[in-house]
Amino acid sequence: MTHGGSLYELGLRCWLVFLLCVLSPCCEGGEPGRVVFSVGGAPNELDAWEELVKDFEKESGVSVELLRQPSDSAQQRQGLIVSLNGKLRNPDVFLMDVAWVGLFAHSEWLEPLRNIDPSPYFERVIEDVDTFRGELIALPVYMDGGLLYFRRDLLDAYEVGDFPSTWEELVSVSSKVQAKKREVEPGFYGFVWQGAQYEGLVCNFLEFAGSQGGFLFRDAQVILDTAENRRALHLMHDLIWKHGISPPNTYTEMREEQARTYFQEGQALFERNWPYAWKLHQADGSRVKGRVDIAPLPAPATGKSMSTLGGWHIGVSRFSDAKENSLKFVKYVASYEGQKKMILRLGWNPGRRDLYEDQDLLREMPFLKKLAVIFLNARSRPVIPYYTQVSDVSQRWINAVLADRVEPHKALQNAEEEIAALLERYTTK
Amino acid sequence: MPVKQNRSEGDRADAFGFMFPILFFMSALIMVPVLGTLADSLYRDVTYLPRKFIGLENYLALANDPAFWKSLRFTFLFVAVSVPIEVCLGLCMAMVVNEAFPFRGFVRATLLIPWAVPMAVSGRVFELIFNYSYGAANFLLHVFDLSREPVNWLGSEIGAFAALVVTDAWKTTPFAAIILLAGLSSIPGELYEQAKIDRASLVQRFFRLTLPMLKPVLIVAFLFRTIQALQIFDYIYVLTGGGPGGSTTSLSLFAYNHFASGDFGYGSAASVILFLIAMSLSTFYLAGGAVRRTL
């Protein structure tokens, strides 16, 4: 064979490989009846899923493929949106953050979960989040809600009483303890929470605002510029700029993990975070091990404590090519035994209400009792299809207030205007 | 004559045959997405609403969207500040390593390191530098006793902007330097000797000889850097997330945010605007200098 001939052949092969790569998405599919389950998370969470999938395969004879996703939830959402918008047959089953369920449901991407009894779950959650046009479209696998973590040892040492139930108390206790503690630890702050420009900021805002009687969305209308919301924003702003009990990087860097590590380093008295932080605060090597306790978030003297509902819900794609088996898998994941297995391994908070009375779980995680009460009162973010956009706009303006760049009144007004323009775009026929 | 004609037609057919694969790839990989985006931008393409042709409504909505104008302003400002800094520093670097000195090859290779580091990685590195509680920048302030309180670098509009420019300059100055170095080394040494004989000073040699000779390459460097800077996304995503208060949202982050929240039509319209800006700036640069020769 001549040199030119082999080159020609090589070119031809490359060409064929290229064609295969280009055309393969058109004939994706694989084994019929095989369930493709898309899930993201920390490595230990994925390992736990892997194990649960194996148990299910043994029990049912259905094969499941785990499609590992990045742990960043915005990237997970982006990935799912692209596959579902393209009506791909895979993934069949996926986990959704509670904040996306509205978008997915309104896009008609979710297959109704027939023949599943939702009564063992939190009624409010099923009603507000998982029911769409009268049908069950998702189930909570894991529940979350904002909590106040506090340093029991410091409250005792400085004799400032029990944990604060109002924001005013939180400010005064923080200022007192912070002033004294700074004599030995100059970087000490009273209260850390999530103020960076991202979804977590909206969760925090809804708690500050909700406890004042404020809201983001009511009667199918976004109403932001209210006295309650202004009060909440003033409070958030003042925690950083006036009272100085929240660090200056609250609005640039503070996300869940930054707040958690700050608190865990012993550098803060109070922390707003999700329940996941508990296990880490109490782990060996944590500087606050055995000194932490949890409580509901404070409220104004006349208000009621509010916790933003978080968590992950499981659903089946309407474009799935294995709906029967997918439903079987969802039933298994959402079952008493299935959830119990995951929870014992990961320390998650069950999506099922009946598990909060399970003796085995309570022995391992005694604080579940307190959490059940908080979840009962937790409020979901507005379950509307364009929630992400509403959240994007709100994040930007709330963050601008925290950065001391805009007055709360002006910020809320601007956000309201932007959202109104957005809604107009979506509602014109 | 007719024979020659035939041959040239045959050549043309041959040439087309040779070019066909690359033309095919280019159209498949570049033109299809560009045209697809253009088409998408004319639709209301929101995941939870029926797809509908709406003409230029997305563009009209963009024109009325203060967030869009803000991101446009930021993007232009970023290009206007970062590109000249990068090209000037790159020119200095290039002139230094164009001189003969020991270990020149080694120095040239190390210059390229920042450019070889992936953007997301160098973004994380600079995040560690500018971090409020444990960042290297605040550590240095503390060590040299320059400030009693740590500085919240990314907390003000100007601080976040400056941090992004510094990060981008660190990363892309070597790129400009390499392009300019190629230009410098193609200037014949005899010209400098001649200039020295004519007693031209160092400054005169730079402004009268180096700069004019380098003009086409400088334009290429400006062009490449401008197009890349217009698309700035990675650093912002990692360092500021578009904050504080949305002040560092670039046009591509703006488009991405809309894609990510399920509005493909609006995101596409913003991308098309970005594309048009890059196109017209390129045309402007190319028309502004005799670049065709060097390309």
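The model is predicted: local features need pLDDT of at least 70, side-chain atom pairs count only at pLDDT 80 or more, and totals for chains, interfaces and linings use all residues. Residues are numbered from 1 along each chain as its sequence is written, with chains lettered from A and ligands numbered from 1 in the order in which they are written.

**Nonpolar cores**
- A nonpolar core is a set of buried Ala, Val, Leu, Ile, Met, Phe, Trp, Tyr and Cys residues joined through C-beta atoms within 7 Å.
- Buried means that 20 or more other C-beta atoms, placed from the backbone, lie within 10 Å of the residue's own.
- The largest nonpolar core holds 122 residues. Those with the most contacts inside it include A:Val101, A:Phe191 and A:Val330.
- Helix H16 (residues 387-402) of chain A gives the most to this core, 8 residues. Helices are DSSP runs (H or I, at least four residues), numbered from the N terminus.
- Both domain 1 and domain 2 of chain A give residues to this core, so it lies between them.
- Another core, of 48 residues, lies apart from it and includes B:Leu180 and B:Phe254.

**Domains of chain A**
- Domain 1 is 31-144 + 310-376, and domain 2 is 147-306 + 386-427. These bounds come from an automatic or database domain assignment.
- Their C-alpha centres lie 29 Å apart.
- The contact takes 11 residues from domain 1 and 11 residues from domain 2. Two residues are in contact if their C-beta atoms, placed from the backbone, lie within 7 Å.
- On the domain 1 side, helix H4 (101-106) and helix H15 (368-376) of chain A each give two or more residues. H15(A) gives the most, with 3 residues.

Notes
Buried ≥ 20, exposed ≤ 12 C-beta atoms within 10 Å, placed from the backbone.
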